[in-house]
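Here is a friendly walk through a structure that may be new to you. Please keep the model open beside this note as you read.

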Amino acid sequence: MEVTIKSIHFDATEKLEQFINKKVEKLSKHNEEISSVEVNLKVVKPETAMNKEASVKLIVPQNGDLFASKVADTFEEAVDMCVDALKRQLEKSKKDK
């Protein structure tokens, strides 16, 4: 599974990238067919709370793509919420088969 992290208008720290990789890797437990993951991070409105946006796109050849986008106080929190939403989507797509 290939993970691509894009940070828009800022440089993501090594620690943040490791956190994202660790969280996203766990999604492969729910579906081994995930070929790649695209993570986009951006600061929505500087100088305000709840301004960190994370969007995560899973490329799953058999099921089509899954997507989640969340805004939170920190990128870690936003990524966490995206991963939770994607887990639910993966579970739902499994049931629909």
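1. Helices (H or I, at least four residues) and strands (E, at least two) are DSSP runs, numbered from the N terminus.

2. Before going on, please note that this is a predicted model, where local features need pLDDT of at least 70, side-chain atom pairs count only at pLDDT 80 or more, and totals for chains, interfaces and linings use all residues. Residues are numbered from 1 along each chain as its sequence is written, and side-chain values use heavy atoms, with hydrogens and water left out.

3. Which residues of helix 2 are buried? They are F75, A78, V79, C82, V83, A85, L86, L90 and S93. Buried means under 20% relative accessible area, exposed over 50%, and partly exposed in between (1.4 Å probe, protein chains only). The cover over these buried residues includes helix 1, strand 2 (36-43), strand 3 and strand 4 (64-72).

4. A search of the whole structure finds one aromatic pair. F10 and F75 are stacked, at 4.9 Å centre to centre with 10 degrees between the planes. The pair links distant parts of the chain, 65 residues apart: F10 sits in the loop between strand 1 (2-8) and helix 1 (14-25), and F75 in helix 2 (residues 75-96). Rings of Phe, Tyr and Trp (its six-membered ring) pair if their centres lie within 6.5 Å; planes under 30 degrees apart count as stacked, over 60 as edge-to-face and the rest as tilted. F75 counts as buried because its relative accessibility is 8%.

5. E53, in strand 3 (residues 52-60), deserves a look. E53 is buried yet has no salt bridge, and the nearest side chain of opposite charge, K42, is 4.2 Å away. A salt bridge needs a side-chain nitrogen of Lys or Arg within 4 Å of a carboxyl oxygen of Asp or Glu. For charge, Lys and Arg count as positive and Asp and Glu as negative, while His and the chain ends are not counted. The E53 side chain does make a polar contact with the side chain of S69, at 3.3 Å. A polar contact is a pair of N or O atoms within 3.5 Å; within protein, one must be able to donate a hydrogen and the other to accept it, and residues adjacent in sequence count only if both atoms are side-chain atoms. Leaving aside neighbours within four places in sequence, E53 is in contact (heavy atoms within 4.5 Å) with residues including N40, K42, S69 and F75.

6. How many salt bridges does the structure hold? There are two. The side chains of K23 and D80 meet at 2.9 Å, N to O; this pair joins helix 1 to helix 2 across 57 residues. D80 is partly exposed, with a relative accessible area of 26%. In the other salt bridge, the side chains of D65 and K57 meet at 3.7 Å, N to O. D65 is partly exposed at 45% relative accessibility, and K57 is partly exposed at 29%.

7. Finally, please check two backbone angles. H9, in the loop between strand 1 and helix 1, has phi near 70 degrees, a positive value in a residue other than glycine. H9 counts as exposed because its relative accessibility is 81%. M50 lies in the loop between strand 2 and strand 3, and its phi is near 55 degrees, again positive in a residue other than glycine. M50 counts as partly exposed, at 47%.
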